[in-house]
Amino acid sequence: MHPEDFRAGDFGHGRNWPIGYQDLEPFYRAAERELGVAADVDEQREAVGLPFPAGYRYPTRAIPRTHLDTVIAGALDGRRVRERPGAAPTTLRVVTTPHARNGRPHQEPGPDGGPRPAAEDAVCRGHASCVPICPSGAKYTPLRTQARWASSVTLLTRAVVSRLRLDASGRVTGVEYLRHPADGSAAGSVPRTAEADLVVLAAHAIENAKLLLLSGAAGGSGQVGRNLMDHPVLLTWGLMPGQVGPYRGPGSTSGLEGFRFGPARARRAPFRIEIGNWGWTWALGPPDGRVAELLRTGGPDGRGLFGRELRRAAGDRIGREFAFQFEMEQDADPANRVTLDPAVRDPLGIPRPVLHYDLSDWVKRGIAAAKAVSDQLFALLGAEDRTGFAPGPGWPGRFEHEGRAYAYRAAGHGAGTHIMGDSPRTSVVDQWQRCWDHPNLYAVGCGSMPGVATSNPSLTMAALALRSAGRIHQDLLARHRPVPLRGPAALEGADHS
Ligand SMILES: Cc1cc2nc3c(=O)[nH]c(=O)nc-3n(C[C@H](O)[C@H](O)[C@H](O)COP(=O)(O)OP(=O)(O)OC[C@H]3O[C@@H](n4cnc5c(N)ncnc54)[C@H](O)[C@@H]3O)c2cc1C
Ligand code: SF4
């Protein structure tokens, strides 16, 4: 996130953070090392405005641009667009995106002795199957972190926490959990208890809120489960005039950053623009759908294409597919929330969460501005715009704004449901992600974020977690600090600390 993002509430929408960029900055760097982020510091500083400590560099070199990125940069860099008639023009520039994927190692050791070098065989090779799995091991995986755990750590798998245990003073004494056998025969299993001096909920935004609600915990502010945010995504897609080599590399390697910051945030939600390397997959599904269409009706006479003609048509069409993904900031709105279903339970007998979710007019204005920008980008690229939001089940997030139809997808970046703030009256956790109402309960993750800005959330989430880890460590030390005992033995000079 950018320093301005922590003060997003100053623009009149959403909330300010109780901490600033400078509080998180060292933890951003630690998270980048832990996750193994590939990026170019100079480019991020210059094009995004991120402040870095002197001499800083990312653990590995930036993931290279795809051919599509290069073609788009050639057509757009330095050109200007307006998000609406009369608005100040924005100059376009394609910028590579930082990733938690291994880029090529630096040739020289880093100023701090050299961050983790990526093994040559674990460098991103462009397989394009990042969701769900990376065959070359280039993508960050928690297994890397778990491999360093001490033998004192016990990992219990197939154990689903069903509620927190609280004592009369409000302290958490542990968690109840249900075993979930691999054969699915879990119904009716007896809850077990894990006792604890301190509990950290890290089950992500929906489940953390669900567990707090199920336990009647952290309810002082009335904000548990509220302020649910995501990055609503406007997708636009089309065909480039020539071959651009889609379906290679991570989903996106570059973007346009010019609509994320500045005074326009007061009028409409800011957005960043990802250049999508995976063709029309997100909008319409993988390419086999288009092949099926050519098989049915691809010929000039409306009949199907086969053999060499089919191969040529599919190659021409699919090789020109591209998409833009406009990721919008969403403001924290208490009406967007997670609640518990009073009737429907999961197979373990735990109530299902229910989500209430909508977009504010500020976000809708942002989407309208993004579409206006998209129209100009397509014109500058000479691309054929195939974007369409026909009513139907394919676009559950369809809406009309000032007479035009739009639709959005969810990025899957749930946040805000145990929101962080500087007062127990208006927030669930403090700046350390510690529940105001329970001194030994932490709820960590994107659920603590007071705002999602326009960047993908996991680096900020990881930085927050590392910052909280220091505080948790202090809490535990304070709880177990040796106390000198005074008694007859002490009077005799023996050390009974
Ligand atoms: C399709 C998709 C793409 C994404 N892409 C990006 C991206 O490019 N960049 C980015 O920054 N972010 C991205 N995100 C968001 C990112 O995945 C999350 O920010 C991140 O995973 C959150 O980490 P977490 O550890 O808090 O939660 P999770 O990764 O969700 O882990 C929570 C864990 O808790 C476990 N759990 C849940 N409930 C219980 C329970 N009751 N008892 C015991 N265990 C429980 C779950 O099984 C899970 O293992 C993406 C998300 C999606 C869905
Ligand atoms: S593109 Fe994705 S799946 Fe392929 S090597 Fe890179 S990170 Fe792994």
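**Entry 1**

I began with proline 132, which is found in the loop between strand 3 (94–96) and helix 4 (142–146). The model I am reading is predicted. I looked at the peptide bond that joins valine 131 and proline 132, and it is cis, with omega at about 20°. I then checked alanine 128, whose place is also in the loop between strand 3 and helix 4. Its phi is near 70°, a positive value in a residue other than glycine. I made a note for myself that most residues other than glycine have a negative phi, and most peptide bonds are trans.

Is alanine 128 buried or partly exposed? I found a relative accessible area of 22% for alanine 128, so I wrote it down as partly exposed, since buried means under 20%.

**Entry 2: another positive phi**

I went on to alanine 453, in the loop between strand 18 (441–443) and helix 10. Phi of alanine 453 is near 45°, again positive in a residue that is not glycine.

**Entry 3: the ligand**

I listed what surrounds ligand 1. The shell has 15 residues, and those that come nearest are Val161, His204, Glu207, Asn456 and Ser458. By class, I noted nine nonpolar, five polar and one charged residues in this shell.

Which atoms of the protein lie 3.2 Å, 3.4 Å and 2.8 Å from atoms of ligand 1?

- A nitrogen atom of ligand 1 lies 3.2 Å from a polar side-chain atom of glutamate 207.
- A polar backbone atom of proline 457 is 3.4 Å from an oxygen atom of ligand 1.
- A polar backbone atom of serine 458 is 2.8 Å from an oxygen atom of ligand 1.

On its own it has 990 Å² of accessible area, and the protein covers 51% of that. The elements giving two or more residues to the shell are strand 4 (159–166), helix 5 (204–215) and helix 10 (458–479).

**Entry 4: a hairpin**

Last, I turned to strand 12 (residues 337–345) and strand 13 (residues 351–356). They pair in the antiparallel sense over five bridges. I looked for the bridge partner of threonine 339 and found valine 354, in strand 13. The two strands form a hairpin with five residues between them. In the turn I checked glycine 349, which has a positive phi of about 90°.

Terms used:
Residues numbered from 1 in each chain as written. Chains lettered and ligands numbered in written order. Predicted model: local features only at pLDDT ≥ 70, side-chain atom pairs only at ≥ 80, totals over all residues. Heavy atoms only, no water. Near = heavy atom within 4 Å. Polar contact = N/O pair within 3.5 Å; in protein donor to acceptor, adjacent residues only side chain to side chain. Areas by Shrake-Rupley, 256 points an atom, 1.4 Å probe, with all protein chains shown as cover. Helix = DSSP H or I, 4+ residues; strand = E, 2+ residues; numbered from the N terminus. Nonpolar A, V, L, I, M, F, W, Y, C, P; charged D, E, K, R; others polar. Buried < 20%, exposed > 50% of the residue type's maximum accessible area, 1.4 Å probe, protein only. Pairing = 2+ DSSP bridges.
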